[in-house]
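Could you walk me through this structure? I would like to start with the whole chain and then look at a few places in detail.

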Amino acid sequence: MIKRILIATDGSDPAVSAEELGLFWAKRLDAEALALFVKDVRLIRAPEILDFGAISIPVPAYHEALDQALEARGQAVLEAFKRRAEAWGVKRVELLLRTGVPYQVIVEEARSADLAVLGRAGEQLGHEATGVGSTVERVARTSPVPVMVAALEFTPVKRILVGYDGSDLAVRALHFIVDLAPGLEVVVVSVADDPDKAAVLAGEGVEYLAAHGVKAGAEALTGDPGEALVAFQEPSDLLAMGAFGRGRVVEMLLGSTTEFVLRRAVGPVLLVR
């Protein structure tokens, strides 16, 4: 059961899209929405350089004015979130203002949630169409709960696509979307070099969902998994998939399907580890 949804926000446009997506699910699932704003301690205590002639030494320094500005910014962002939650009709809301390294704080707060929702890029990273913030990747790799990454612009979800390749992570993604599925169209999408193998995998996913009361369609595709999944997704589709399953070394050599999908997806992406 999904009853607590953590929504990380910094007030940027991508974060507002994440707020809308998180509140969309909070309303559908009758879940509590936890809005989190993190004051980046790396900005508040950025080092200053002390010059001793031949030697320069970085010394941590507390920037009080910046701390106060971030505090005010956080309060304003959280108040705006509260008003947005009221507009959605979400009754149970908790506002969290924390200080620390953003991805570490998000992961820590996610321990008491069932799902974490983030924007694709943060305020300091710009809003380019293919941008994925380092915070998003770090949270996705270390979060104790599934992570949902919003598209740059919010569109209500009408269909759930489950990228299924038979791996343990794909099975977990299949399990997780059972709670999200009621009232939505669901399609199990499998990609393989052999179309018959893809069809068998998709059928396996459909059979599992049927046993849990979820009616789903099957789609067998060929080609590169990341490219095929992105091409099949529409802006109103939530694409659910296992995340970062091949290890960092292999991903460095061959590339990461997860990273490709995050950069190119036109709709929200659900990452399950």
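Here is a short tour, from the whole chain down to single residues.

What you see is a predicted model, in which local features need pLDDT of at least 70, side-chain atom pairs count only at pLDDT 80 or more, and totals for chains, interfaces and linings use all residues. Residues are numbered from 1 along each chain as its sequence is written, and side-chain values use heavy atoms, with hydrogens and water left out.

Let us begin with confidence. The protein chain has a mean pLDDT (the predictor's confidence in each residue, from 0 to 100) of 88, and 85% of its residues reach 70 or more. Residues 124–131 stay under 50, and the model gives them 17 contacts (heavy atoms within 4.5 Å) beyond four places in sequence. The pLDDT is also below 50 over residues 247–255, a stretch with nine contacts beyond near neighbours in sequence. Where pLDDT is low, the predicted coordinates should not be read in detail.

Now for the overall build. The protein chain has 10 helices and 12 strands, taken as DSSP runs numbered from the N terminus (helices are H or I with at least four residues, strands are E with at least two). Of its 273 residues, 49% are buried; buried means under 20% relative accessible area, exposed over 50%, and partly exposed in between, with a 1.4 Å probe and protein chains only. Among contacts between residues at least 6 apart in sequence, 76% join residues at least 24 apart.

Next, turn to a pair of helices. The axes of H4 (residues 102–110) and H5 (residues 134–142) come within 9 Å and cross at roughly 35°; axes are lines fitted to C-alpha atoms, for helices over the stretch in contact, and angles run from 0 to 180 degrees between N-to-C directions. From H4, Pro-102, Tyr-103, Ile-106 and Val-107 meet Thr-135, Arg-138, Val-139 and Thr-142 of H5. By class, this contact holds five nonpolar, two polar and one charged residues.

Glu-32 lies in strand E2 (residues 32–40), and it counts as buried because its relative accessibility is 16%. Beyond its neighbours within four places in sequence, Glu-32 touches Lys-3, Arg-4, Ile-5, Arg-92, Val-93 and Glu-94. Gly-89 sits in the loop between helix H3 (64–88) and strand E5 (93–100), and its 22% relative accessibility is why it counts as partly exposed. Its C-alpha atom is separated by 8.9 Å from that of Leu-23, 66 residues apart along the chain.

Definitions and conventions:
Nonpolar A, V, L, I, M, F, W, Y, C, P; charged D, E, K, R; others polar.
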